[in-house]
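User: Hi! I have a model open here and would like to talk through its fold with you. Shall we start with the strands?

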Amino acid sequence: AQWMEPDEAHSGEVRKLSTLLEASQALSATLDLQAALTRVLDILVRHHGAVRGSVVLQSENSGEVELEAVAGAVERGKRVRFRLGEGITGRVMQTGKPMVVPRVSREPMFVNRVSERPELREQELSYVSAPVTLDGKTVGAISIDLKYKADRDYNRMAKFLGVVGSMIAQAVRVHRLIQAERQRLVDENTHLRQELKERYDFSNIIGTSGPMRQ
């Protein structure tokens with residue numbers, strides 16, 4: 001492991017614990033998954049100097065991997081899709097293992113989907129991506145860009161980001177359970193409305209008197 005001054009190592013650990021606490025609060029404070037994920041990425045930008053961050057998730061229905069949330073120096077509102085195995089993020093999704101690219105400019109597998117990374121003209125960037133795993137299946141990935149530092153402990157950063165990914169996975173679980181229950185209630189409501197309509201429809205009223213026949 002990379003040796004650091006005791007004070008620097010201590011402050012780094014405190015910062016990570018603070019990040020995890022704030023991320024936990026952000027994920028539990030709202031049922032809006034996208035807003036919660038954006039707040040988590042904002043925390044990584046603020047606490048760890050991330051240049052940008054992103055979370056991609058795989059749709060339960062279509063199976064497509066799409067950009068769910070971004071933060072930092074990114075083009076917002078941009079719709080981005082990934083294929084499994086495509087680029088670094090796609091490889092993380094495919095293997096379920098974190099990946100580190102210490103020097104983005106030297107990585108031929110890298111694809112600029114979320115951002116064009118204009119910083120590379122003057123500043124080398126590092127990329128760290130960790131899986132979001134739910135019930136043994138990789139359903140997404142969280143990734144961050146960092147300014148390159150030769151003495152940065154990238155493996156440690158990947159493990160830390162993996163913990164954040166695990167927290168996101170639990171938020172995804174809750175979100176999907178709520179969505180499934182909401183859909184069940186909608187379907188049940190639709191079924192009951194149809195049943196009431198059929199039972200009390202005027203065409204089902206039978207009468208033999210003159211006025212009723214009229």
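User: In what order do the strands form the open sheet?

Analyst: The order is β3-β2-β1-β6-β5-β4, 6 strands in an open sheet with antiparallel pairing. Strands pair here if DSSP finds at least two bridges between them. Helices (H or I, at least four residues) and strands (E, at least two) are DSSP runs, numbered from the N terminus. The edge strands are β3 and β4, each pairing on one side only.

User: Before we go on, what kind of model is this?

Analyst: It's a predicted model: local features need pLDDT of at least 70, side-chain atom pairs count only at pLDDT 80 or more, and totals for chains, interfaces and linings use all residues. Residues are numbered from 1 along each chain as its sequence is written, and side-chain values use heavy atoms, with hydrogens and water left out.

User: Thanks! How many bridges link β5 and β6?

Analyst: There are 10, in the antiparallel sense. Leu 134 stands opposite Lys 137 in β6. The two strands form a hairpin with 2 residues between them, and Asp 135 in the turn has a positive phi of about 55 degrees.

User: And the β4 side?

Analyst: β4 and β5 pair over 3 bridges, also antiparallel. Val 100 has Val 128 as its bridge partner in β5, while Met 99 stands opposite Ser 129.

User: How much of β5 is buried?

Analyst: 9 of its 10 residues are. Buried means under 20% relative accessible area, with a 1.4 Å probe and protein chains only.

User: Switching to helices: which strands does α3 touch as it packs on the sheet?

Analyst: α3 touches β1, β2, β3, β4, β5 and β6, and its direction makes about 145 degrees with that of β6. Axes are lines fitted to C-alpha atoms, for helices over the stretch in contact, and angles run from 0 to 180 degrees between N-to-C directions. Buried residues in α3 (residues 87-95) include Gly 87, Ile 88 and Met 93. Gly 96 follows the helix, with a positive phi near 75 degrees.

User: Which residues have the most contacts inside the largest nonpolar core?

Analyst: Leu 37, Val 128, Ile 142, Ile 144 and Ile 168, in a core of 33 residues. Such a core is a set of buried Ala, Val, Leu, Ile, Met, Phe, Trp, Tyr and Cys residues joined through side-chain atoms within 4.5 Å. α4 gives the most to this core, with 10 residues.

User: What does Ile 142 touch?

Analyst: Its contacts (heavy atoms within 4.5 Å) include Leu 41, Val 55, Val 128, Leu 161 and Ile 168, not counting residues up to four places away in sequence.

Terms used:
Buried < 20%, exposed > 50% of the residue type's maximum accessible area, 1.4 Å probe, protein only.
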